[in-house]
Amino acid sequence: MFSMTFRYIFLLGTLLLSTTGAEGQKSGATREQAPLQIPNPHYVVVNESIVVNAPVDKVWARVGGFCNITEWMNSPEWEDCKYLQGNGGPGSVRSIVNEVLVGQTQYSYTYAQAPRKDALYPLPHGTLAAEALTATTTRLSYTMVRDDSMLADDAARQKDIEARHARCAEWLKNMKVLAEGGKLPPKPAGSLRPPITTPFLNTNPHYSSLPMSIVVDASIKQVWARIGKYCDIGEWAFQSCELLSGKEGELGAVRTIGHSVIVGQTRYSYTYTQPLRVSGLYPMYHGTLEARPLGADRTTLYYTLVWDDSIQSDDAARKRLVGTYRALFEKMLRNMKKLCEGGSLTPEDKRAPVNY
(Lines give C-alpha, C1' and ligand atoms only; values in the text may rest on other atoms or scores of the structure.)
Protein backbone atom coordinates (compact mmCIF):
# COMPACT_ATOMS: atom_id res chain seq x y z
CA MET A 1 0.00 0.00 0.00
CA PHE A 2 1.12 3.55 -0.67
CA SER A 3 1.97 5.62 2.40
CA MET A 4 -0.07 8.44 0.89
CA THR A 5 -3.29 8.05 -1.06
CA PHE A 6 -4.79 10.36 -3.64
CA ARG A 7 -8.29 11.69 -3.42
CA TYR A 8 -9.91 13.28 -6.42
CA ILE A 9 -12.55 15.89 -5.82
CA PHE A 10 -14.34 17.53 -8.69
CA LEU A 11 -15.85 20.96 -8.32
CA LEU A 12 -18.27 21.22 -11.23
CA GLY A 13 -16.11 18.79 -13.11
CA THR A 14 -12.84 20.60 -12.31
CA LEU A 15 -10.19 18.20 -11.08
CA LEU A 16 -8.75 19.15 -7.72
CA LEU A 17 -6.04 16.68 -6.71
CA SER A 18 -5.13 16.73 -3.03
CA THR A 19 -3.05 14.33 -0.97
CA THR A 20 -4.69 12.78 2.06
CA GLY A 21 -3.12 10.88 4.89
CA ALA A 22 -4.03 7.33 5.88
CA GLU A 23 -6.67 8.66 8.28
CA GLY A 24 -8.25 10.82 5.57
CA GLN A 25 -7.08 14.19 6.88
CA LYS A 26 -5.91 16.65 4.25
CA SER A 27 -2.14 16.88 4.46
CA GLY A 28 -1.24 18.99 1.46
CA ALA A 29 -2.42 21.88 -0.66
CA THR A 30 -4.33 21.49 -3.90
CA ARG A 31 -1.96 20.78 -6.78
CA GLU A 32 -1.95 22.27 -10.22
CA GLN A 33 -3.56 20.14 -12.89
CA ALA A 34 -1.23 18.16 -15.13
CA PRO A 35 -1.20 19.01 -18.86
CA LEU A 36 -3.65 17.30 -21.18
CA GLN A 37 -2.42 14.02 -22.64
CA ILE A 38 -3.45 15.32 -26.09
CA PRO A 39 -2.77 19.07 -25.96
CA ASN A 40 -4.61 19.96 -29.18
CA PRO A 41 -7.59 17.63 -29.50
CA HIS A 42 -9.92 17.71 -32.48
CA TYR A 43 -13.35 16.34 -31.67
CA VAL A 44 -15.29 14.92 -34.58
CA VAL A 45 -18.99 13.99 -34.52
CA VAL A 46 -20.59 11.25 -36.60
CA ASN A 47 -24.39 11.15 -36.59
CA GLU A 48 -26.95 8.99 -38.36
CA SER A 49 -30.70 8.75 -37.83
CA ILE A 50 -33.71 6.81 -39.08
CA VAL A 51 -37.49 7.08 -38.72
CA VAL A 52 -39.22 4.09 -37.12
CA ASN A 53 -42.93 3.43 -37.55
CA ALA A 54 -43.66 2.73 -33.91
CA PRO A 55 -44.30 4.79 -30.71
CA VAL A 56 -41.24 5.92 -28.80
CA ASP A 57 -42.04 3.79 -25.74
CA LYS A 58 -42.29 0.66 -27.89
CA VAL A 59 -39.11 1.50 -29.78
CA TRP A 60 -37.06 2.11 -26.66
CA ALA A 61 -38.37 -1.01 -24.93
CA ARG A 62 -37.26 -3.07 -27.93
CA VAL A 63 -33.80 -1.66 -28.72
CA GLY A 64 -32.88 0.76 -25.91
CA GLY A 65 -31.37 -1.68 -23.43
CA PHE A 66 -27.62 -1.30 -22.99
CA CYS A 67 -27.10 -4.99 -23.81
CA ASN A 68 -29.45 -5.06 -26.80
CA ILE A 69 -26.36 -4.20 -28.83
CA THR A 70 -25.38 -7.68 -29.98
CA GLU A 71 -28.84 -8.26 -31.42
CA TRP A 72 -28.94 -5.16 -33.61
CA MET A 73 -25.25 -5.31 -34.50
CA ASN A 74 -25.94 -8.85 -35.77
CA SER A 75 -22.22 -9.41 -36.18
CA PRO A 76 -20.18 -12.63 -35.84
CA GLU A 77 -17.40 -10.59 -34.23
CA TRP A 78 -19.13 -10.49 -30.85
CA GLU A 79 -20.56 -12.93 -28.35
CA ASP A 80 -23.89 -12.05 -26.78
CA CYS A 81 -23.60 -9.01 -24.54
CA LYS A 82 -23.58 -9.49 -20.78
CA TYR A 83 -23.15 -7.11 -17.87
CA LEU A 84 -19.77 -7.16 -16.16
CA GLN A 85 -21.02 -4.61 -13.62
CA GLY A 86 -24.49 -3.25 -12.94
CA ASN A 87 -27.76 -4.12 -14.64
CA GLY A 88 -28.05 -1.59 -17.44
CA GLY A 89 -28.24 1.65 -15.49
CA PRO A 90 -25.61 4.39 -15.04
CA GLY A 91 -22.22 2.90 -14.22
CA SER A 92 -23.00 -0.45 -15.85
CA VAL A 93 -20.23 -2.13 -17.86
CA ARG A 94 -21.05 -4.37 -20.80
CA SER A 95 -18.82 -7.09 -22.23
CA ILE A 96 -18.62 -5.34 -25.62
CA VAL A 97 -15.19 -3.65 -25.28
CA ASN A 98 -15.94 -3.13 -21.57
CA GLU A 99 -18.01 -0.08 -22.50
CA VAL A 100 -19.37 1.92 -19.57
CA LEU A 101 -22.84 3.50 -19.50
CA VAL A 102 -21.90 7.01 -18.40
CA GLY A 103 -25.11 8.93 -19.14
CA GLN A 104 -28.76 7.92 -19.30
CA THR A 105 -32.02 9.77 -19.89
CA GLN A 106 -35.58 8.59 -20.41
CA TYR A 107 -34.95 7.68 -24.06
CA SER A 108 -31.18 7.73 -24.50
CA TYR A 109 -27.92 6.43 -23.16
CA THR A 110 -24.31 7.50 -23.64
CA TYR A 111 -21.42 5.10 -23.27
CA ALA A 112 -17.63 5.47 -23.16
CA GLN A 113 -14.55 3.31 -23.35
CA ALA A 114 -12.03 3.72 -20.55
CA PRO A 115 -8.39 4.63 -21.27
CA ARG A 116 -5.72 1.96 -21.40
CA LYS A 117 -2.10 2.03 -20.29
CA ASP A 118 0.57 3.54 -22.53
CA ALA A 119 -1.93 4.59 -25.20
CA LEU A 120 -3.38 7.88 -26.39
CA TYR A 121 -6.98 8.27 -25.30
CA PRO A 122 -9.32 9.55 -28.04
CA LEU A 123 -12.21 10.05 -25.58
CA PRO A 124 -14.53 7.65 -27.51
CA HIS A 125 -18.25 8.06 -26.76
CA GLY A 126 -21.45 6.93 -28.39
CA THR A 127 -25.07 7.90 -27.83
CA LEU A 128 -28.22 6.04 -28.84
CA ALA A 129 -31.36 8.18 -28.58
CA ALA A 130 -35.04 7.96 -29.46
CA GLU A 131 -37.31 10.96 -29.97
CA ALA A 132 -41.05 10.90 -30.57
CA LEU A 133 -42.04 12.55 -33.86
CA THR A 134 -45.74 11.69 -33.65
CA ALA A 135 -47.80 9.29 -31.54
CA THR A 136 -46.82 6.48 -33.91
CA THR A 137 -43.40 7.45 -35.29
CA THR A 138 -39.98 7.82 -33.68
CA ARG A 139 -36.59 9.13 -34.76
CA LEU A 140 -33.72 6.89 -33.69
CA SER A 141 -30.28 8.53 -33.69
CA TYR A 142 -26.82 7.11 -33.21
CA THR A 143 -23.99 9.56 -32.54
CA MET A 144 -20.27 9.02 -32.02
CA VAL A 145 -17.88 11.61 -30.60
CA ARG A 146 -14.12 11.13 -30.49
CA ASP A 147 -10.80 12.94 -30.84
CA ASP A 148 -9.29 12.09 -34.24
CA SER A 149 -6.21 14.31 -33.89
CA MET A 150 -3.91 11.30 -33.43
CA LEU A 151 -4.76 9.86 -36.85
CA ALA A 152 -2.04 10.22 -39.46
CA ASP A 153 -3.58 12.78 -41.82
CA ASP A 154 -6.81 14.15 -43.27
CA ALA A 155 -7.19 11.12 -45.55
CA ALA A 156 -7.07 8.78 -42.57
CA ARG A 157 -9.54 10.94 -40.67
CA GLN A 158 -11.97 10.98 -43.58
CA LYS A 159 -11.72 7.21 -44.00
CA ASP A 160 -12.45 6.73 -40.31
CA ILE A 161 -15.47 9.06 -40.45
CA GLU A 162 -16.92 7.29 -43.49
CA ALA A 163 -16.52 3.88 -41.85
CA ARG A 164 -18.31 5.06 -38.73
CA HIS A 165 -21.16 6.59 -40.74
CA ALA A 166 -21.66 3.28 -42.56
CA ARG A 167 -21.56 1.32 -39.32
CA CYS A 168 -24.09 3.54 -37.54
CA ALA A 169 -26.43 3.54 -40.55
CA GLU A 170 -26.38 -0.27 -40.70
CA TRP A 171 -27.09 -0.60 -36.99
CA LEU A 172 -30.02 1.80 -37.22
CA LYS A 173 -31.54 -0.17 -40.12
CA ASN A 174 -31.38 -3.28 -37.97
CA MET A 175 -32.96 -1.47 -35.02
CA LYS A 176 -35.78 -0.25 -37.25
CA VAL A 177 -36.55 -3.83 -38.31
CA LEU A 178 -36.65 -5.02 -34.71
CA ALA A 179 -38.64 -2.04 -33.38
CA GLU A 180 -41.26 -2.47 -36.11
CA GLY A 181 -41.77 -6.10 -35.11
CA GLY A 182 -39.54 -7.78 -37.68
CA LYS A 183 -36.70 -10.24 -37.36
CA LEU A 184 -33.11 -10.06 -38.52
CA PRO A 185 -31.48 -12.88 -40.45
CA PRO A 186 -29.16 -15.20 -38.48
CA LYS A 187 -25.70 -13.87 -37.77
CA PRO A 188 -23.42 -14.41 -40.74
CA ALA A 189 -20.56 -16.83 -40.32
CA GLY A 190 -17.29 -15.43 -39.07
CA SER A 191 -14.77 -15.33 -36.25
CA LEU A 192 -14.93 -13.58 -32.90
CA ARG A 193 -12.86 -10.45 -32.59
CA PRO A 194 -9.69 -11.09 -30.53
CA PRO A 195 -9.93 -9.59 -27.03
CA ILE A 196 -8.02 -6.41 -26.24
CA THR A 197 -5.17 -7.41 -23.95
CA THR A 198 -3.80 -3.94 -23.13
CA PRO A 199 -4.64 -3.31 -19.44
CA PHE A 200 -6.81 -0.39 -18.43
CA LEU A 201 -5.19 2.69 -16.94
CA ASN A 202 -7.18 1.92 -13.79
CA THR A 203 -6.70 -1.84 -13.65
CA ASN A 204 -9.75 -2.73 -11.53
CA PRO A 205 -12.34 0.00 -12.13
CA HIS A 206 -15.55 0.16 -10.12
CA TYR A 207 -18.19 2.62 -11.27
CA SER A 208 -20.52 4.49 -8.95
CA SER A 209 -23.45 6.69 -9.84
CA LEU A 210 -25.32 9.40 -7.98
CA PRO A 211 -28.79 10.37 -9.26
CA MET A 212 -30.31 13.64 -8.02
CA SER A 213 -33.48 15.48 -9.03
CA ILE A 214 -35.75 18.41 -8.26
CA VAL A 215 -39.22 19.48 -9.44
CA VAL A 216 -39.52 22.90 -11.09
CA ASP A 217 -42.77 24.83 -11.46
CA ALA A 218 -42.25 25.77 -15.11
CA SER A 219 -42.73 24.12 -18.49
CA ILE A 220 -39.89 22.08 -19.97
CA LYS A 221 -39.38 24.64 -22.76
CA GLN A 222 -39.08 27.46 -20.22
CA VAL A 223 -36.72 25.43 -18.06
CA TRP A 224 -34.37 24.38 -20.85
CA ALA A 225 -34.32 27.84 -22.38
CA ARG A 226 -33.25 29.22 -18.98
CA ILE A 227 -30.60 26.73 -17.83
CA GLY A 228 -29.99 24.22 -20.62
CA LYS A 229 -27.14 25.80 -22.55
CA TYR A 230 -23.73 24.26 -21.92
CA CYS A 231 -22.27 27.42 -20.36
CA ASP A 232 -25.36 28.35 -18.36
CA ILE A 233 -23.53 26.51 -15.58
CA GLY A 234 -21.58 29.72 -15.02
CA GLU A 235 -24.75 31.29 -13.61
CA TRP A 236 -26.24 28.52 -11.47
CA ALA A 237 -22.95 27.08 -10.23
CA PHE A 238 -19.97 28.64 -8.54
CA GLN A 239 -17.54 29.42 -11.35
CA SER A 240 -17.77 31.50 -14.51
CA CYS A 241 -17.89 29.63 -17.81
CA GLU A 242 -16.71 30.28 -21.35
CA LEU A 243 -16.33 28.03 -24.37
CA LEU A 244 -12.73 27.19 -25.24
CA SER A 245 -13.67 25.57 -28.55
CA GLY A 246 -16.76 24.59 -30.49
CA LYS A 247 -20.12 26.30 -30.37
CA GLU A 248 -22.99 26.37 -27.92
CA GLY A 249 -25.29 23.41 -28.55
CA GLU A 250 -22.70 21.40 -30.48
CA LEU A 251 -21.21 18.09 -29.47
CA GLY A 252 -17.47 18.29 -28.89
CA ALA A 253 -17.65 21.82 -27.46
CA VAL A 254 -15.18 22.41 -24.62
CA ARG A 255 -15.86 24.75 -21.70
CA THR A 256 -13.42 26.33 -19.27
CA ILE A 257 -14.82 24.52 -16.21
CA GLY A 258 -12.70 21.38 -15.98
CA HIS A 259 -11.88 21.55 -19.69
CA SER A 260 -15.13 19.57 -19.91
CA VAL A 261 -16.24 18.21 -23.29
CA ILE A 262 -19.89 17.71 -24.22
CA VAL A 263 -20.04 14.11 -25.46
CA GLY A 264 -23.77 13.38 -25.62
CA GLN A 265 -26.98 15.35 -25.96
CA THR A 266 -30.68 15.16 -26.75
CA ARG A 267 -33.28 17.91 -27.08
CA TYR A 268 -33.47 18.31 -23.30
CA SER A 269 -30.23 16.82 -21.97
CA TYR A 270 -26.46 16.80 -22.28
CA THR A 271 -23.62 14.64 -20.95
CA TYR A 272 -20.08 15.89 -20.40
CA THR A 273 -16.73 14.50 -19.33
CA GLN A 274 -13.08 15.53 -19.06
CA PRO A 275 -10.03 14.60 -21.16
CA LEU A 276 -7.17 12.51 -19.84
CA ARG A 277 -4.14 14.26 -18.40
CA VAL A 278 -0.52 13.11 -18.54
CA SER A 279 -0.30 11.98 -14.93
CA GLY A 280 -2.53 10.76 -12.15
CA LEU A 281 -5.39 8.32 -12.03
CA TYR A 282 -8.42 8.86 -14.25
CA PRO A 283 -11.84 8.70 -12.59
CA MET A 284 -13.96 8.58 -15.78
CA TYR A 285 -16.07 11.38 -14.30
CA HIS A 286 -19.27 12.15 -16.26
CA GLY A 287 -22.23 14.38 -15.53
CA THR A 288 -25.66 14.39 -17.19
CA LEU A 289 -28.24 17.15 -16.89
CA GLU A 290 -31.73 16.24 -18.12
CA ALA A 291 -35.17 17.89 -18.07
CA ARG A 292 -38.36 15.81 -18.31
CA PRO A 293 -41.90 17.18 -18.52
CA LEU A 294 -44.13 16.61 -15.51
CA GLY A 295 -47.39 17.83 -16.97
CA ALA A 296 -47.81 21.01 -18.99
CA ASP A 297 -46.35 23.45 -16.44
CA ARG A 298 -43.97 21.39 -14.31
CA THR A 299 -40.60 19.81 -15.05
CA THR A 300 -38.29 17.42 -13.27
CA LEU A 301 -34.60 18.26 -13.51
CA TYR A 302 -32.22 15.31 -13.16
CA TYR A 303 -28.49 15.54 -12.50
CA THR A 304 -26.65 12.22 -12.54
CA LEU A 305 -22.95 11.65 -11.92
CA VAL A 306 -20.94 8.56 -12.88
CA TRP A 307 -17.33 7.99 -11.85
CA ASP A 308 -14.79 5.26 -11.11
CA ASP A 309 -14.46 5.12 -7.32
CA SER A 310 -11.69 2.51 -7.33
CA ILE A 311 -9.17 5.31 -7.11
CA GLN A 312 -10.41 6.19 -3.61
CA SER A 313 -8.33 4.83 -0.72
CA ASP A 314 -11.12 3.04 1.16
CA ASP A 315 -14.87 2.87 1.75
CA ALA A 316 -14.76 5.86 4.08
CA ALA A 317 -13.17 8.01 1.37
CA ARG A 318 -15.76 6.81 -1.15
CA LYS A 319 -18.56 7.73 1.24
CA ARG A 320 -17.09 11.20 1.84
CA LEU A 321 -16.85 11.83 -1.89
CA VAL A 322 -20.52 10.92 -2.38
CA GLY A 323 -21.42 13.40 0.36
CA THR A 324 -19.28 16.07 -1.30
CA TYR A 325 -20.92 15.53 -4.66
CA ARG A 326 -24.42 15.47 -3.20
CA ALA A 327 -24.00 18.73 -1.29
CA LEU A 328 -22.50 20.45 -4.33
CA PHE A 329 -24.90 19.33 -7.03
CA GLU A 330 -28.10 19.44 -5.00
CA LYS A 331 -27.32 23.08 -4.29
CA MET A 332 -26.87 23.65 -8.02
CA LEU A 333 -30.25 22.02 -8.67
CA ARG A 334 -31.86 24.39 -6.14
CA ASN A 335 -30.22 27.31 -7.92
CA MET A 336 -31.55 26.12 -11.28
CA LYS A 337 -35.04 25.76 -9.83
CA LYS A 338 -34.95 29.30 -8.45
CA LEU A 339 -33.82 30.76 -11.79
CA CYS A 340 -36.37 28.75 -13.81
CA GLU A 341 -39.18 29.93 -11.53
CA GLY A 342 -38.25 33.57 -12.12
CA GLY A 343 -36.13 34.21 -9.05
CA SER A 344 -32.65 35.69 -8.61
CA LEU A 345 -29.69 34.10 -6.87
CA THR A 346 -28.40 35.59 -3.63
CA PRO A 347 -24.70 35.77 -2.68
CA GLU A 348 -25.28 32.72 -0.48
CA ASP A 349 -26.76 30.79 -3.42
CA LYS A 350 -23.63 31.52 -5.41
CA ARG A 351 -21.32 30.28 -2.65
CA ALA A 352 -20.15 26.67 -2.93
CA PRO A 353 -20.89 24.35 0.01
CA VAL A 354 -18.33 24.65 2.80
CA ASN A 355 -17.07 21.08 2.57
CA TYR A 356 -16.43 20.81 -1.13
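Start by selecting the residues that line the second largest cavity: eight of them are nonpolar, one is polar and one is charged. Here Ala, Val, Leu, Ile, Met, Phe, Trp, Tyr, Cys and Pro count as nonpolar, Asp, Glu, Lys and Arg as charged, and the others, Gly among them, as polar. What you have open is a predicted model, in which local features need pLDDT of at least 70 and side-chain atom pairs count only at pLDDT 80 or more, while totals for chains, interfaces and linings use all residues. Residues are numbered from 1 along each chain as its sequence is written, and side-chain values use heavy atoms, with hydrogens and water left out.

**Stop 1: the cavities**

A cavity is a set of points, on a 1 Å grid over the protein atoms alone, where a 1.4 Å probe fits but cannot get out, and lining residues have an atom within 4 Å of a point. Grid points are joined across faces, edges and corners, and a volume is the space filled by probe spheres set on the points.

How many cavities of 30 Å³ or more does the structure hold? There are three. For the largest cavity, with about 70 Å³ of space, select Gln37, Ile38, Pro41, Tyr43, Tyr121, Leu123, Asp147, Pro275 and Leu276. That lining divides into seven nonpolar residues, one polar and one charged.

**Stop 2: the largest pocket**

Next, select Val97, Glu99, Gln113, Arg146 and Arg164, which lie nearest the centre of the largest pocket among its 32 lining residues. A pocket is an open set of points with protein on both sides within 12 Å along at least five of seven lines. This one holds about 780 Å³ of space. The elements giving two or more residues to its lining are α2 (69–73), β8 (125–132), β9 (138–147) and α3. Helices (H or I, at least four residues) and strands (E, at least two) are DSSP runs, numbered from the N terminus. Colour β9 to see the largest share of the lining, four residues. By type, the pocket lining has 19 nonpolar, five polar and eight charged residues.

**Stop 3: α1 and α3**

Now show helix α1 (residues 56–63) and helix α3 (residues 154–179), whose axes come within 9 Å and cross at roughly 115 degrees. Axes are lines fitted to C-alpha atoms, for helices over the stretch in contact, and angles run from 0 to 180 degrees between N-to-C directions. Therefore α1 is roughly perpendicular to α3, a term for angles of 65 to 115 degrees. Lys58, Val59, Arg62 and Val63 of α1 make the contact with Met175, Leu178 and Ala179 of α3, where contact means heavy atoms within 4.5 Å. These contact residues are five nonpolar, no polar and two charged.

**Stop 4: α4 and α6**

Finish with helix α4 (residues 220–227) and helix α6 (residues 315–340): their axes come within 9 Å and cross at roughly 115 degrees. So α4 is roughly perpendicular to α6. Select Val223, Arg226 and Ile227 in α4 to see where they meet Met336, Leu339 and Cys340 in α6. Five of the contact residues are nonpolar, none is polar and one is charged.

Terms used. Parallel < 35°, antiparallel > 145°, perpendicular 65-115°, else oblique.
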